[in-house]
Amino acid sequence: MGRVFDSHVPEWMWGMQFNSADRSGRWHARARVKWSVSLLRAKANSIKVATGRDTLIAAMAKTKAFLGLLQLLLLLLPPSLRDYLWAAPSDHGAGQQLKVYHPILLQAGFSCSSMEARLTDAYTPSLPRCGALKGKGWFPLWNRTADLVDHDYVPCFKEQMSLVFDPAINDYVNQPGVETRVTNFGSTYGFAWKDESCPLCCNVKLRNELEALGYRDGDTLFGAPYDIRHAPPRPGQRSKVYTDYFARVKDLVQHASEKNGNKTVILIGHSFGARLLLDFLNSTPLPWRKQFIKHLVLLSPTPTIGFMQPLTNLAWGPTCIVMENVPRLTLRPMWWSFPSSLLSQPSPAVFGHNPLIITKHRNYSAYDYQDFLPALGFSMNGVLPFNKWVDKRVESPMVPTTYLSGFGIQTTKQVVFLDDNFNVEPENVYGDGDGVVNWNSVLVFAKELKRQHSAENVLFKFIKIPNVSHSYISIQEDSLKIVMAELLEILEANS
């Protein structure tokens, strides 16, 4: 059912509304992207005659010989990868059907879920325009960043997105008078990039590939958008939002299984979405996992043991909430109000005493949070001590798992504040990684997951992909081919 909009909602917000009724049942019979093999085949059919008939014949002969050799080489590959790489463009799309469909839950990264808000009479806006939608029903709050900037709604966005800690219930809540909700739960169309800079981000290209195989949103393909502000509960800290969210995800997995003949479900997560799937699985009983989960696929997961970017986000403002002409620093107070901002801070177990924050008079390592946070102006009053948020251990989900990560991309390993001023942009010192997650974090995380899986004889596969960045692992053609080949192999295994 389409959403009914109040006539008092400003016209600029109409474009931000979700048309979930149109999206949720849509199945695009799109062909997969044209891989190198298909491009060579196309080249053989479209050679330009430059110097006459002999040139054309010679060129076609060379191409034909190369394609013949390539066919022989492909015979050495696993069937799933061979079929995927060699399929002609005309073979892709609706006509190509899998023999067995295991339902898939596809989770996207931190920037991808969208949120709506509703302002009640209890809301006291700091600026008159921030209260313009008071009493007008639900409106898009976190959807299109250009609309927020163009209509000078950024101060209102920061105010209405911010959380406060309520010591009476030991939990984070919305500002008084602000109600929020995540849209399109259950659908992969609930994930979308917030501007035009990356239309294939948020697993959109991967979703298109799965639809080309015959997967359909709401039938065999599902998504579970989440509130980016909250964090799964820590020991001694409750989170009603995530307690409710994990219960909904559990119901969604069971629904997906029952809807598809009680087949087990494949969970695929990218970035923070992968980390949430790990937390979700570890919140469920092991017998439940064995009954309902076929495989877990982690695409560039954010390791629980930490990496450098969460610390730089804390110091300088979020990289995952980007608005044109809006400095990261202006979003820092809002970011500090999110418990999610405290997750995945660099762990001493991985980073040791190496300086992470370098200033003129003092360097700070992963052991020095108790000194760095006051210097930054960040207060932990009323909430858990910071070291409770820093994970020193890895908990394996104990289901068959494939972990894919890129490397070979310069990734911040230290930041330098030359004048001890945390209100100016720092300089970066780079090391290896995928552009977001440090490679040392990836290796430690994967090694520990593998150790725990091996101890219980549970499958764990770690695939390292050179020269692919964090956000593009399911977009860049060479890495997407690897991802899809792994998925096809999983689908064929003991189906």
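**Figure 1. Arg248 lies over the face of Phe185 in this predicted model.** The distance from Arg248 to the centre of the Phe185 ring is 4.0 Å.

**Figure 2. Phe110 and Trp335 form an aromatic pair.** The structure holds 26 aromatic pairs. In the pair of Phe110 and Trp335, the ring centres are 5.7 Å apart. The ring planes meet at 70°, so the pair is edge-to-face; the cut-off for that label is over 60 degrees. Phe110 belongs to the loop between strand 1 (104-107) and strand 2 (115-119), while Trp335 belongs to helix 12. The pair therefore ties together parts that are 225 residues apart in sequence. Are these two residues buried or exposed? Both Phe110 and Trp335 are buried.

**Figure 3. Tyr242 and Tyr245 pair within helix 8 (residues 240-259).** Their ring centres lie 5.4 Å apart. Their planes stand at 75°, so this pair is edge-to-face. The two tyrosines are three residues apart in the helix, which means that about one helical turn separates them. An α-helix has 3.6 residues a turn, so residues three or four places apart point the same way. Tyr242 has 1% relative accessibility, so it counts as buried. Tyr245 has 9% and therefore counts as buried too. The cut-off for buried is under 20%.

**Figure 4. Helix 11 (residues 308-316) is largely enclosed by the rest of the structure.** Why is helix 11 described as largely enclosed? Eight of its nine residues are buried, so the rest of the structure largely encloses it. The buried residues are Met308, Pro310, Leu311, Thr312, Asn313, Leu314, Ala315 and Trp316. Just after helix 11 comes Gly317, with a positive phi of about 105°.

**Figure 5. The protein chain brings together 16 helices and 15 strands.** Of its 495 residues, 53% are buried. Take the contacts between residues at least 6 apart in sequence: 76% of them join residues at least 24 apart. The chain exposes about 21,800 Å². Carbon and sulfur atoms supply 54% of that area.

Conventions. Residues numbered from 1 in each chain as written. Predicted model: local features only at pLDDT ≥ 70, side-chain atom pairs only at ≥ 80, totals over all residues. Heavy atoms only, no water. Buried < 20%, exposed > 50% of the residue type's maximum accessible area, 1.4 Å probe, protein only. Helix = DSSP H or I, 4+ residues; strand = E, 2+ residues; numbered from the N terminus. Contact = heavy atoms within 4.5 Å. Areas by Shrake-Rupley, 256 points an atom, 1.4 Å probe, with all protein chains shown as cover. Phe/Tyr/Trp six-rings, centres within 6.5 Å; stacked < 30°, edge-to-face > 60°. Lys NZ or Arg CZ within 6 Å of the ring centre and 35° of its normal.
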